[in-house]
Amino acid sequence: MMQVTDTKTLIVEREMPHPLGKVWRALTQSPLIEEWLMENDFKPVVGHRFDLRAEWGVVECQVLVVEPNEALSYTWEAMGLKSVVSWTLTPTSSGTHLRMEQSGFRPDQQQAYAGAKYGWQKFFTDLERVAGDLV
């Protein structure tokens with residue numbers, strides 16, 4: 001049995017001028033996730049299985065880690081890609097430092113990696129807008 005250890009990880013980081021609580025809400029409340037990412041049935045409960053739905057298809061996910069206002073992690077499986085998305089939130093003097101890692105891209109998934117690299121930039125911009133609109 002062959003072990004695949006040569007996988008790539010995509011990392012996106014951004015300073016957001018919003019309090020940690022607002023960014024956390026945008027990451028974990030289903031109606032807000034829909035505004036910046038995709039339609040979903042997400043619940044911030046470890047073990048919860050949920051789908052992210054877009055016109056191009058479905059991403060099957062399962063929550064792995066929920067540490068309120070600190071960390072969130074879930075599996076991300078779609079079109080042959082089996083990866084893990086991990087979010088880390090750190091308070092800063094001006095808001096929140098948000099780090100996202102998507103790990104598990106195999107060498108033959110260069111197109112998926114490039115698509116994710118492009119897509120997450122847009123998602124981050126939309127996430128920042130959604131968090132900024134929260135009261």
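1. A word on terms before the tour: a residue is called exposed when its relative accessible area is over 50%, and buried when that value is under 20%, with partly exposed in between. Methionine 79 has a relative accessible area of 72%, so this residue counts as exposed. Keep in mind throughout that we are looking at a predicted model.

2. Staying with methionine 79, you'll find this residue in the loop between strand 5 and strand 6 (81-92). Its phi is near 50°, which is a positive value in a residue other than glycine. As background, most residues other than glycine have a negative phi.

3. Now for the open space. The largest pocket holds about 510 Å³. Its lining is made of 19 residues, and Trp56, Trp76, Met79, Gly115 and Ala116 are the ones nearest the centre.

4. Helix 3 gives the most, with 8 residues. By type, the pocket lining divides into 14 nonpolar residues, 4 polar and 1 charged.

5. Next, have a look at glutamine 102, which is in strand 7. Is this residue buried or exposed? Its relative accessibility is 1%, and since that is under 20%, glutamine 102 counts as buried. Its side chain makes a polar contact of 3.0 Å with the side chain of serine 83. Setting aside neighbours within four places in sequence, glutamine 102 also has contacts that include Lys8, Thr9, Leu10, Val85 and Trp120.

6. The structure holds 1 cavity of 30 Å³ or more, and the largest cavity has about 40 Å³ of space. Helix 2 (30-36) and strand 3 (49-54) are the elements that give two or more residues to its lining. Among the residues lining this cavity are Leu27, Ile33, Trp36, Phe50, Leu52 and Tyr74. The lining comes to 9 nonpolar residues, with no polar and no charged ones.

How values were computed:
Residues numbered from 1 in each chain as written. Predicted model: local features only at pLDDT ≥ 70, side-chain atom pairs only at ≥ 80, totals over all residues. Heavy atoms only, no water. 1 Å grid on protein atoms, 1.4 Å probe; cavity = no way out; pocket = protein on both sides within 12 Å on 5 of 7 lines; lining within 4 Å. Points joined across faces, edges and corners; volume = space filled by probe spheres on them. Helix = DSSP H or I, 4+ residues; strand = E, 2+ residues; numbered from the N terminus. Nonpolar A, V, L, I, M, F, W, Y, C, P; charged D, E, K, R; others polar. Buried < 20%, exposed > 50% of the residue type's maximum accessible area, 1.4 Å probe, protein only. Polar contact = N/O pair within 3.5 Å; in protein donor to acceptor, adjacent residues only side chain to side chain. Contact = heavy atoms within 4.5 Å.
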